[in-house]
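Biologist: I have a structure open and would like to learn how to read it. Could you walk me through some features, one at a time?

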Amino acid sequence: MSSEVVKWGDDAQYVSEPIKKKDGRIVPQAFMLWGTPDPLGAVAAVGRMFKGIPTYDLADITDDERRLYWEETFKSHLRAPHEFIQLHFFVEGVSRSHTHQMVRQRTATFAQESLRFAVKEDLANEIPLPPSIAEGSGAAKVWTDMMFEMEQAYTKLVNSGVPAEDARGLLPHATTTRLHWRTNLNDLLHHAGNRLCTQAQFEWRILMISVMKAMREYVEGDYIDNDGHARPHPSDWQWKLIAQPTPQTFAPICYHTGKCEFRAIFDRPCVIRDRVDAFAAHGVPSEMWGDENIHWEEPMGAIRYEEWLMNPDAAR
Ligand SMILES: Cc1cc2nc3c(=O)[nH]c(=O)nc-3n(C[C@H](O)[C@H](O)[C@H](O)COP(=O)(O)OP(=O)(O)OC[C@H]3O[C@@H](n4cnc5c(N)ncnc54)[C@H](O)[C@@H]3O)c2cc1C
């Protein structure tokens, strides 16, 4: 249902661009727009400083040093080296309830499309079914019917001159949106720990998978070497390394610390908690938790990534 511009109640309003689909579907997607050039060079320079080695030019740092200092950062409590890696993502296809959670990160900067001015068209079609509602089910019909009814009412209000900032009051939490997200690697990994945990809403896990993919695929574009040849930018391999999921990076917080960190009376169950507790009690590091070749004695037992990553019911 389209809006009639002439009847809009606020000159500043504009039609919200359609949400970009992936394989024909609306899903949370991250696009990496920018990252610190030579990120592991920056990490190595900081690590070298801790050892009293000044760096006047990142070109003086070898790739071996880049790899070495990256590995070493995970053995130290000091988090500053990762803070030298800045990241700028554009995120799209996430719900408004998701961005409400995102912006609780006080260490990041955000710029979101405002529904005060962005008039949503094709609103209902841009709202996917939540993971607990199967396509074609009775629940799906209830959900979809309500979305179209709500879209109709919203559009009617906007077209009759009600400013979008008022009409948006009708819109559901599931309305999809877009925003820019500036963070640094230390804070990103802190949030990956919190939000890849089964305690967080499933939408986070889909977004984090897309964040990792965007980082791995990030290229600064070709650069021209001294002989005039276009070559892949020297830092491309670094992003692939940084975004590799490891127990210390893109994994639930229990993998980072070696034990479950959600144990309060207000925390919820978790499908892997019993095994995490058993591993913690036996001092087994999280690097080994997924090893299916070891004969674990119960209640220990190998934990597959999919168990927490792909299961929306993992904390129910
Ligand atoms: C599973 C889960 C469930 C949640 N449920 C709820 C809920 O039901 N209700 C709710 O309201 N919220 C909820 N939250 C949000 C949560 O309470 C935090 O607000 C959010 O996760 C941000 O986390 P943070 O404070 O660690 O991160 P950030 O805000 O990014 O801060 C990171 C760290 O930076 C430091 N820092 C940041 N700002 C300052 C400052 N001004 N001064 C000093 N130090 C600072 C602190 O050390 C902080 O730990 C939930 C979060 C998760 C992961």
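**Reading the model, feature by feature**

Modeller: Let's start with the aromatics: Tyr255, Phe279, Trp289, Trp296, Tyr305 and Trp308 come together as one aromatic cluster. Keep in mind that this is a predicted model.

Biologist: Okay, and how many aromatic pairs does the structure hold?

Modeller: There are 10 aromatic pairs. As a general idea, you describe a pair of rings by how far apart the centres are and the angle between the planes. Take phenylalanine 89 and tryptophan 181: their ring centres are 5.5 Å apart and the planes sit at 40 degrees, so this pair is tilted. Phenylalanine 89 belongs to strand 3 (residues 86-95) and tryptophan 181 to strand 6, so to speak a link between distant parts of the chain, 92 residues apart.

Biologist: Are those two residues buried or exposed?

Modeller: Phenylalanine 89 and tryptophan 181 are both buried. Phenylalanine 279 sits in helix 11 (residues 273-281), while tryptophan 296 is in the loop between helix 11 and helix 12 (305-309), so the pair ties together parts 17 residues apart in sequence.

Biologist: Why does tryptophan 296 count as buried?

Modeller: Buried means under 20% relative accessible area. Tryptophan 296 comes in at 14%, so it counts as buried. Phenylalanine 279 is buried too, with a relative accessible area of 0%.

Biologist: How would I read a single residue in a strand, then?

Modeller: Threonine 183 lies in strand 6 (residues 176-184) and is buried, at 0% relative accessible area. Its side chain makes a polar contact of 3.1 Å with the side chain of glutamine 105. Beyond neighbours within four places in sequence, threonine 183 is in contact with Ile85, Gln86, Leu87, Gln105, Ala108 and Leu188.

Biologist: And a helix? What should I look for there?

Modeller: In an α-helix there are 3.6 residues a turn, so residues three or four places apart point the same way. In helix 7 (residues 185-195), nine of the 11 residues are buried, so the helix is largely enclosed by the rest of the structure. Among the buried ones are Leu185, Leu188, His191 and Arg195.

Biologist: Which residue caps the N-terminal end of helix 7?

Modeller: That's asparagine 184, which has a side-chain oxygen 3.0 Å from the backbone nitrogen of asparagine 186.

Biologist: Last one: which residues surround the ligand?

Modeller: The surrounding residues are Arg104, Gln105, Arg106, Thr107, His190, His191, Asn194, Arg195, Gln199 and Ala200. By type, this shell has one nonpolar, six polar and three charged residues. Next, look at the individual polar contacts. Arginine 104 has a polar side-chain atom 2.8 Å from a ligand oxygen, and a polar backbone atom of arginine 106 is 2.7 Å from an oxygen of the ligand. In histidine 191, a side-chain N or O atom is 3.0 Å from a ligand oxygen. On its own the ligand exposes 950 Å², and the protein buries 47% of that.

Biologist: And the chain as a whole?

Modeller: It has 12 helices and eight strands, and 43% of its 316 residues are buried.

How values were computed: Residues are numbered from 1 along each chain as its sequence is written. This is a predicted model: local features need pLDDT of at least 70, side-chain atom pairs count only at pLDDT 80 or more; totals for chains, interfaces and linings use all residues. Side-chain values use heavy atoms; hydrogens and water are left out. Buried means under 20% relative accessible area, exposed over 50%, partly exposed in between (1.4 Å probe, protein chains only). Helices (H or I, at least four residues) and strands (E, at least two) are DSSP runs, numbered from the N terminus. A polar contact is a pair of N or O atoms within 3.5 Å; within protein, one must be able to donate a hydrogen and the other to accept it, and residues adjacent in sequence count only if both atoms are side-chain atoms. A residue is near a molecule or strand if one of its heavy atoms lies within 4 Å of it. Accessible areas come from the Shrake-Rupley method with a 1.4 Å probe; for residues, only the protein chains shown count as cover. Ala, Val, Leu, Ile, Met, Phe, Trp, Tyr, Cys and Pro count as nonpolar, Asp, Glu, Lys and Arg as charged, and the others, Gly among them, as polar. Contact means heavy atoms within 4.5 Å. Rings of Phe, Tyr and Trp (its six-membered ring) pair if their centres lie within 6.5 Å; planes under 30 degrees apart count as stacked, over 60 as edge-to-face and the rest as tilted.
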